Each structure stands twice: as structure tokens, then as C-alpha cells.
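Here is a quick tour of one protein chain, told through a handful of its side chains. Have a look at the fold, then read on.

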Amino acid sequence: MALAFDDFGRPFIILREQESKSRLRGLDAHKANVAAGKAVARSLRTSLGPKGMDKILQSPDGDVTITNDGATILEQMDVDNQIAKLMVELSRSQDYEIGDGTTGVVVLDGSLLEQAEKLLERGIHPIRIAEGYEMASKIAFDHLEHISTRFEFTAANIEPLVQTCMTTLSSKIVNRCKRMLAEIAVRAVLAVADLERKDVNLDLIKVEGKVGGKLEDTELIYGIAVDKDMSHPQMPKRIEDANIAILTCPFEPPKPKTKHKVDIDTVEKFQTMRGQEQKYFDEMVQKCKDVGATLVICQWGFDDEANHLLMQRNLPAVRWVGGVELELIAIATGGRIVPRFQELTPDKLGQAGLVREKSFGTTKDRMLCIERCANARAVTIFIRGGNKMMIEEAKRSIHDALCVARNLIRNNSIVYGGGSAEISCSVAVEAAADRYAGAEQYAIRSFADALDGIPLALAENSGLPPIDTLTAVKSQQIQENNPYCGIDCNDVGTNDMREQHVFETLIGKQQQILLATQGKYAEI
């Protein structure tokens, strides 16, 4: 290969023996696409289930990420192949829509591609395969509805929600604290949920992390935690029954919008200007005091003179608070964001029962917690951990648990995990294949075989003999007519997932099957 330049100085590449190179066509092209998809699925396969391995990913900048969240792994992977990129988008779709099951959807996708390759070698046309898969996915979709059960819960009885969130956290690095984190996630979702409309706004749940302490120190704050401290070290660190002024205007003299220049050639002029500035600061601070504010939260900074005046007038203040946090504080405290000092009125102040500064260990790190707010519909999950990677993975794990709790509030139907739902669907699809004539029947049977890919991966990752374990469980399901038998990954001694309390949301599982099937049209 050589590099050359054209008349305009633009580089182009000359490939040696270019005339001897040929494009991939027909079956070879299909196989190349399938191989790319299988390679991506294989890399994620080992991350599936409670015994799945975590992946260490290094970015081009040298940043290290440790995770077993499928969507995160694929986001961080440097994927060039176009078909492999489709699988990345597939896991992203599952993450956006459901929030959990991102690894499972890619593993199922890989199994479907593997089965499609065998059908292509037998001379079955890709369109026939895709149509057969579509038919099979409808059968599996309806069968999931049939084997699902409803989980009744109330604000007083949150145990069903906690159990389902624990299943999600079982496969994560934080599984030793899964009970505690599941309860935190459920209580956070219920705090912001509208149970009548079955709606949850996850934007009202802020997830904050600080290095230090241990995972067990993670807590739920019914309010907002801001990674800031008081602007002056002598300001009070604890304010009860606070009236909060939320400002997006800085404590500084007004500046003309046009370019300006001030010529000061005498001491008197300087004194006059300084006195005018002081007057501005005085008026601003007095305005906040007059409306009854006991705490000022400002989006911008203010200089030392304003800071000193605030401290002298006994008006605690926090500066440089981000716009998103400012909005959450306004929602939680029932206050209004004020863009000008002239518009500040008592009815625009937010109310909070307690504002306290929280410090950590021997370091100077501090955070401001705004609790017992007038409107408790904004909460913060505050995570502690030994290092940054642990905290980032805990954030991802809690995001999955929050999404599962939200999905159960939207639709409280669940199916049982441990591969039991896939095995049951595989049996149902296999039985239904006889009703279809034509080449699609082969594709439907292949779909049933592909569904076995999930329990096979679970057994493999748990150190069990995959084929022996799968056939034993499938035989047990058929003999006992029990669709709740799955892979005993944790070696509890029972295959019944109801006894093991391993649950997954119905809409999450249905979405996995639909997305994995639709991904095939482009890939085969």
C-alpha cells in the first residue's frame, strides 16, 4: 500500500494487486456479516447472569471502565464493522426503552444469527428466514403473556418491587448489597412516582457519588444533595426551616451590554466608584433579607466583598450551583428560579425543613443536603465506594434497578428469570412450528433453538455442564408442565425460580425478543 497525492494536494491510497481483489457476494457476504455479529455477541456472552464476568475496558485516553452492563460495554468498544454497529444500537434501544436486559438482547441476537447461518448453508433464502423469525417472535411474545403473573404491590407493601430489583442487581458487582440497594431504588421511585397515572419521571431522581467509605454507606436523601459547600467558612453549617432564594443573577454590579470603558484618573473618582459598587452589593443583600430568605443559592459566583457582606448580614449562601441542580432544588422546595433581584418576592422562596453541610472522613470534601422539602418529589441516591470505578458501576447498577421498578409501576406483570421464560418459549415455538408449511417452518424451529442460547450461557457462566443442564431443565418443564423451572446458577438446590425469587419484568423480556428479531432484517 502506498500514499500518493493528486493535482490538488489531496492524499489517496494505492492498493497493491487491486485488480486481484474482489468483493464478497452472496453467501460469503452473509457469512461475513453473521461472523461480525457473532463476535460481538460472544464478547458479551460471558457477562450474562449472576456469575457473569465483568469486563475491563480501556479508552483511547487511558480511562479504565469496569462493568458488566451490556450497553456500557458496547458503547465503550471500538466497533468498525457496520453489522456490529447495528448490535450496539440494539443494546442502546433496549437501554433507552427498558433500562435493563441489554446483555440478554445481544446474546439472543447472536444465537439467532448463529442459527440463521446454518439455514443459509442449507439454501434457504434470507427473506424466508426473516419471515419465519417474525412468526416465531409473535408466538414467543404471546406465550410470555400467557406464562406471566401479576405482582400486586402498594406503597405500604413494596416487597414485590424489591424482589424484582434484587434479581437485576444479582448479576452486578454490587450484588453483596443487593437487598439494601434494591430497597433504596424502590423507595426513590415511589417517592417520585404518580401511582394513579402509573408514571415515573426518573429525572427527579439524582444519583450522586463520592469516593470514600464503603458501599454499605450508600443512602437515600429525601431532597437534593449538591456537591458544593457554603461560600464562606464561617457561615452556619445547619439551617432549619430554611427559606431559600434561588437566583440565576450574580452578586455583582450591573454591566452594560455594549463594550464600555471607565477612565479613573483621581482618587476621588475611584472612591466614588467603589462606594457605588458597595451600594449595589448592599442593596442586593438587603433585598434578599427583606423578602425573608435565610439561604441564598446562586448559579453564578460572587466576589469576596459580596461574600463578606452576606456573612456579616448572617445570610448563608452557596455559589456556582449548576442549572440542572438548580431546577431540581426548585422542584423539591417549591421555589421559583429568579433571574433578577428586582423580581424577588416572598412567594418565590422555596421551603426546606433542613439544610445541612455533610463532610467526609478526614478530607475537606463537603456536600450540601437539602432535606424535608415542601415537595418531596425530588430525591437523591448518594453512593459511597472505595474507588471511582466502583462508584460508576454502582450508578449503572442502580439505574437498571430504577428502570425495573419504573417498568413494574407501568405494568406489574412479571415472568420468572434464570432462563425459565426462554426455555418455556422455546418449547412453545417448537410445538407451534408443525402448524406452518413451507421453508418458514425451518426458521421457526431455529428460533426455538436460538432461545436456548440464554439458558446455555447462564449454565456455562455458572460452571455447570451447559447441554446436560439445559436438557434436564427442559425435560422437567415438559414433564411437570411448569414454566418456572430455570437454571440454578447460584446452586441453591432448586430449579423453581418462584422459590428462588428470580423475577424479570414482562415488558423487558418481550422487548428483548422483539428487538433481537427485528435486528435480523438488516443483518441477514
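## A leucine to start with

Is L515 buried or exposed? With a relative accessible area of 11%, L515 falls under the 20% cut-off and so counts as buried. Bear in mind that this is a predicted model.

To find L515, go to helix α17, which covers residues 506-523. What does L515 touch, leaving aside its neighbours within four places in sequence? The contacts are L90, S93, Q94 and V105.

How many salt bridges does the structure hold? The count is 34. As background, side chains of opposite charge can pair when their charged atoms come close.

E159 comes out at 30% and is partly exposed. E183, at 26%, is partly exposed too.

## A buried pair and a network

Now for a pair in another setting. E325 and K206 form a salt bridge whose closest N and O atoms are 3.4 Å apart. Which elements does this pair tie together? E325 is in helix α10 (residues 323-333) and K206 is in strand β8 (residues 205-211), so the bridge connects parts that are 119 residues apart in sequence. Both E325 and K206 are buried.

Salt bridges with shared partners also make a network, and D69, K172 and D400 are joined in one.

## Cysteines without disulfides

How many disulfides are there? The count comes to zero. Take C403: the nearest cysteine sulfur belongs to C165 and is 9.9 Å away, and C403 is in no disulfide. A disulfide needs the two sulfur atoms within 2.5 Å, so that distance rules the pair out. C403 has a relative accessibility of 2%, so it counts as buried.

C425 is in no disulfide either, its nearest cysteine sulfur being that of C485, 15 Å away. With a relative accessible area of 1%, C425 is likewise buried.

## A nonpolar patch on the surface

Finally, turn to the surface. Which residues form the nonpolar patch there? They are V262, I264, F270 and M273, and together they have about 340 Å² of accessible area.

F270 is one of these four, and its place is in helix α8, which runs over residues 267-290. At 43% relative accessibility, F270 lies between the 20% and 50% cut-offs, so it counts as partly exposed.

Notes
Residues numbered from 1 in each chain as written. Predicted model: local features only at pLDDT ≥ 70, side-chain atom pairs only at ≥ 80, totals over all residues. Heavy atoms only, no water. Patch = residues over 30% accessible without salt bridge, like charges linked within 9 Å, V, L, I, M, F, W, Y side chains within 5 Å. Areas by Shrake-Rupley, 256 points an atom, 1.4 Å probe, with all protein chains shown as cover. Salt bridge = Lys/Arg side-chain N within 4 Å of Asp/Glu carboxyl O. Helix = DSSP H or I, 4+ residues; strand = E, 2+ residues; numbered from the N terminus. Buried < 20%, exposed > 50% of the residue type's maximum accessible area, 1.4 Å probe, protein only. Contact = heavy atoms within 4.5 Å.
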